[in-house]
Amino acid sequence: MTSSSPSPRGAFERRFAALMAEAQAGGPDAAQAARRAAAMALARDPRRAEEALAHASALDPLDAVSTLALAQLRADRGDLDAARVGAAQAFSDAIDESARALAAFALGEIALARGDAAQARDAFQAAKSLQADILRHEPGDYEALRHYARACQRLADFTASDDGAAAARIAHGEALTLLETLAQRDDALVDLAEDLAFGCARLAHLCLELGDHDGARACAEARVGWLMRLADDEPDNEAWRVDLADAWELCARLALEAHDIHPAQEASSQALHLRVALAAAAPGDAKRRRAQAKRWARHAEILAQSGDLHGARSAAAHARGLREADTDSLGAQALHDALILEGDLALKARDYEGARILFSRACEHAQPRAYDDNAWRTALSQVWGRLGETALQAHHFAQARDSFARMRALSDASNPRLAARLLLKEGEAALGAGDKIAARALFQQSCAIRLDLVDAAPQDMALARELAVALERLGVLAHEAGDIAAAHAAWEDEARIAEIMLDAIGDSAAMRFAAIVHGLLAGLASPDATAHRKRGLALLDDLARQGALTEQDIALRTRLWGG
């Protein structure tokens, strides 16, 4: 016959019942027994903790700590009215300044939860003033210093709305410095680690708002350290692991923005490990599943930037698999985004068939939603563009041309720049399929739209370059068709734009681009061929003086010299 050890749950039940029996029996230690029962139940069973605290408060009405803990539990489960009544009672019944200050702080937290900012500010200011009074008599009082710093933290949030983020950062920084000084005296206190993590989070947010990404990153990393302490000290409290996952995610994001790939990857891995564990602990929790899917997607993007396409595609597939379970409108958009991410990574890896399958699924997903929803119509249009790009790279030119035409048909008619780009893409697909006549017509349409756009925005160099590229391709096709006059006209327009770009930008790339265009014109049997040859050589000589000649530049220079 085998024996089994008693379960931890059974031991808890027995101990809790014994303490509550002692509390209910009355006697000098009854209130203490109820408080001990509450402490046992707090992390494990909040309902029973509330029951025990209510009993302790009834037995000892002047016990502000139990009354406030009871108010906090009621606030946590959403009963803010009962929480406010309890905290107000603790404030009025407090027998010393310390208890009154704690009650004022609790009233501030409850007022914040109720959305009453003015009342919250008054309560936090009262808490700060009461703690300051205590510190005037006992300057080294640890608890007074800690709660004074907490009140300063909350008031610093109001400073942001009153005086701006810079003033709020100073106020939060002062509160955090005080807490860090206290941590050097006793860094094992869990409540202090919680306050420090809170302060680091606030400072990170303010640094981001002020554009100080290095400061934000330092605060985010410090927050991770304090949350790791909390998670280790209270392993049964999942809230710390949720906060820690959030903190690691912010570290990953800030490292990525700093192009610090390996720390970004490490932080993302830590966040992902936590998200997977949290989701596994609550299989039916849709919020946790979605958080896990979001992390897989961000992890895929980081791996792709680090050059690990295989790992990135695997992570993206995990994200997409988790999104398959979402059925509401937000879930539909998330699944679409996951399919696009996975397809983009397949295309980047030159897995054209894999990309086509994923983009086709995204297209099927978006199609029925696009009829009466402009956002989905835009999404569908963009998927057709990706299908076109995939087909173009795979040299499936007929499919590419059809996809780009579909994208153009769905696109916003008020966006002529996009229409011009798509006409150029269609032309490239037609050219790849050998239909030079159609390609030339499409390039002409693209150029006509872009000429109007450049005339309307002559300072837009990106637009000018797009037009120049389209004109060059149009000129090549005209030249191949024997239409020298049309080729000359297209390249002359391109040369004019190239010179404008050279004046505006003046770098070696703009110089090289202009030299190539003049080289094309120098090769035509036209009266101005010599002038273009000289201009092209002059530009290439400037590149040579800069030490920026490429092999292609040298070949062009040799050809122009021979002319």
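This is a predicted model: local features need pLDDT of at least 70, side-chain atom pairs count only at pLDDT 80 or more; totals for chains, interfaces and linings use all residues.
Let's start with how helices sit against each other. Two packed helices are described by the angle between their axes and the distance between the axes.

| Helix pair | Residues | Angle | Axis distance |
|---|---|---|---|
| helix 15 and helix 16 | 309–323 and 329–348 | roughly 160° | within 9 Å |
| helix 20 and helix 21 | 416–432 and 436–456 | roughly 160° | within 8 Å |
| helix 22 and helix 23 | 461–480 and 484–504 | about 155° | 8 Å |

Take helix 15 and helix 16 to begin with. Their axes cross at roughly 160°, and angles over 145 degrees count as roughly antiparallel, so helix 15 and helix 16 are roughly antiparallel to each other. Their crossing is left-handed. On the helix 15 side, the contact is made by L309, A312, R313, A316, A317, A319, R320 and R323. Helix 16 answers with A334, L335, A338, L339, L341, E342, L345, A346 and K348. Sort the residues of this contact by class and you get twelve nonpolar, no polar and five charged.

Next come helix 20 and helix 21, whose axes also cross at roughly 160°. That angle makes helix 20 roughly antiparallel to helix 21. The handedness of this crossing is left-handed. Helix 20 brings a list of residues to the contact, including P416, R417, A420, L423, L424, G427 and L431. From helix 21, the residues in the contact include K436, A439, L442, F443, Q445, I449 and L453. By class, the contact of helix 20 with helix 21 holds 13 nonpolar, three polar and six charged residues.

Then there's helix 22 with helix 23, packed at an angle of about 155°. Helix 22 and helix 23 are therefore roughly antiparallel to each other, and helix 22 passes helix 23 in a left-handed crossing. Among the residues that helix 22 gives to the contact are M461, L467, L471, L474, V476 and H479. Helix 23 supplies residues such as I484, W491, I497, I500 and M501, among them also the charged D493 and E494. Counting by class, the contact of helix 22 with helix 23 has 17 nonpolar, two polar and four charged residues.

**A cavity and a pocket**

How many cavities of 30 Å³ or more does the structure hold? There is one. The largest cavity has a volume of about 30 Å³, and its lining is made up of P61, L62, D63, A64, T67, A90, D93 and A94. Helix 4 (64–76) and helix 5 (80–93) are the elements that give two or more residues to that lining. In terms of class, the lining of the largest cavity splits into five nonpolar, one polar and two charged residues.

The second largest pocket contains about 280 Å³ of space. Around the second largest pocket you'll find E249, L250, A252, R253, L256, R275, A291, K294, R295, R298, E301 and I302. Two elements give two or more residues to this lining: helix 12 (238–257) and helix 14 (286–305). Which helix gives the most to the lining? That's helix 14, with six residues. The lining of the second largest pocket divides into five nonpolar, no polar and seven charged residues.

Finally, have a look at A281, which lies in helix 13 (residues 261–281). Once you set aside its neighbours within four places in sequence, A281 is in contact with E238 and R288. What about R217? A281 and R217 are 64 residues apart in sequence, and their C-alpha atoms lie 30 Å apart in space.

Methods: Residues are numbered from 1 along each chain as its sequence is written. Side-chain values use heavy atoms; hydrogens and water are left out. Axes are lines fitted to C-alpha atoms, for helices over the stretch in contact, and angles run from 0 to 180 degrees between N-to-C directions. Helices (H or I, at least four residues) and strands (E, at least two) are DSSP runs, numbered from the N terminus. Angles under 35 degrees count as roughly parallel, over 145 as roughly antiparallel, 65 to 115 as roughly perpendicular and the rest as oblique. A crossing is left-handed if the near helix is turned anticlockwise from the far one by less than a right angle, and right-handed if clockwise. Contact means heavy atoms within 4.5 Å. On a 1 Å grid over the protein atoms alone, a cavity is a set of points where a 1.4 Å probe fits but cannot get out, and a pocket is an open set with protein on both sides within 12 Å along at least five of seven lines; lining residues have an atom within 4 Å of a point. Grid points are joined across faces, edges and corners, and a volume is the space filled by probe spheres set on the points.
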